[in-house]
Amino acid sequence: MPGLDGTGDLFDPFVAALDPGVNVDVIRYPTADVHSYQQHIDYVWSRLPVDEAFVILGESFSGPVAISIAARRPGGLAGLVLCCTFVRCPLPVPRFFGYLTNLLPVHFLPDFLMGFLLLQYPLDKGLTDKVKRAVNSVSVRILQQRLRAVVTVDVAAELASVDLPVLNISACNDRLVPVRATSRIESLCRHAQNVRVPGPHALLQCDPRTTAPGVAGFIRSLMVR
């Protein structure tokens, strides 16, 4: 499940780097009328596999969605992968900040700021352009509503109740989800496998050759149990 843009398009490099034996279904969020976390949870729940074992991966914005679903323990769910994500708003902003999201120019981030927040230097022009296309394909209203949802989300109790195998991947140079957010996941889910990888917030996009083998290995270990 994808980050804030919700398109799933930015998973292409990561999916291509996965073992061909790993079947992947990228869930793409609707571009209208799905903006609260509960609505995203309901949407994903209705699309879960029915007759086979599976693993959920939640990246960034989708971490709370994946955690909430894992806490409900749907049949067939074998494990949970979290990547560069959080249980509560990862940055120390007051709740009233949610009302200010309407002022954020979410479609007009300059390259240097996108590189600073999401990517890494030197910027890969192809990846930078792809991120822009993904973000700009979603309406400003939907992006702002998702940002408001991030400000108030809290799935700490849900994560503490998850008794499935968990792989928690974090980026050492993540400027959007800092170490304290990752440490919170580690403290709530003490049985998780915690892996820290050098890189930026868009870790799956910038370094798929490092992250994909680890995720594939985690999945394989669950399927042989």
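In this predicted model, helix α2 passes helix α3 in a right-handed crossing. Helix α2 covers residues 37–45 and helix α3 residues 63–71; their axes come within 9 Å and cross at roughly 60°. That angle makes α2 oblique to α3, because angles of 65 to 115 degrees would count as roughly perpendicular and those under 35 degrees as roughly parallel. On the α2 side, the contact is made by Y37, H40, I41, V44 and W45, and on the α3 side by P64, V65, S68 and I69. Seven of these contact residues are nonpolar, two are polar and none is charged.

The strands come next. Strand β1 (residues 54–59) runs parallel to strand β2, and six bridges join the two. Strand β2 spans residues 77–83 and is mostly covered, with seven of its seven residues buried.

Most residues other than glycine have a negative phi, and most peptide bonds are trans. R73 lies in the loop between α3 and β2, while C84 lies in the loop between β2 and α4.

The peptide bond from Y121 to P122 is cis, with omega near -5°. P122 is found in the loop between α4 (111–117) and α5 (125–136).

Technical notes:
Residues are numbered from 1 along each chain as its sequence is written. This is a predicted model: local features need pLDDT of at least 70, side-chain atom pairs count only at pLDDT 80 or more; totals for chains, interfaces and linings use all residues. Side-chain values use heavy atoms; hydrogens and water are left out. Axes are lines fitted to C-alpha atoms, for helices over the stretch in contact, and angles run from 0 to 180 degrees between N-to-C directions. Helices (H or I, at least four residues) and strands (E, at least two) are DSSP runs, numbered from the N terminus. Angles under 35 degrees count as roughly parallel, over 145 as roughly antiparallel, 65 to 115 as roughly perpendicular and the rest as oblique. A crossing is left-handed if the near helix is turned anticlockwise from the far one by less than a right angle, and right-handed if clockwise. Contact means heavy atoms within 4.5 Å. Ala, Val, Leu, Ile, Met, Phe, Trp, Tyr, Cys and Pro count as nonpolar, Asp, Glu, Lys and Arg as charged, and the others, Gly among them, as polar. Buried means under 20% relative accessible area, exposed over 50%, partly exposed in between (1.4 Å probe, protein chains only). Two strands pair if DSSP finds at least two bridges between them.
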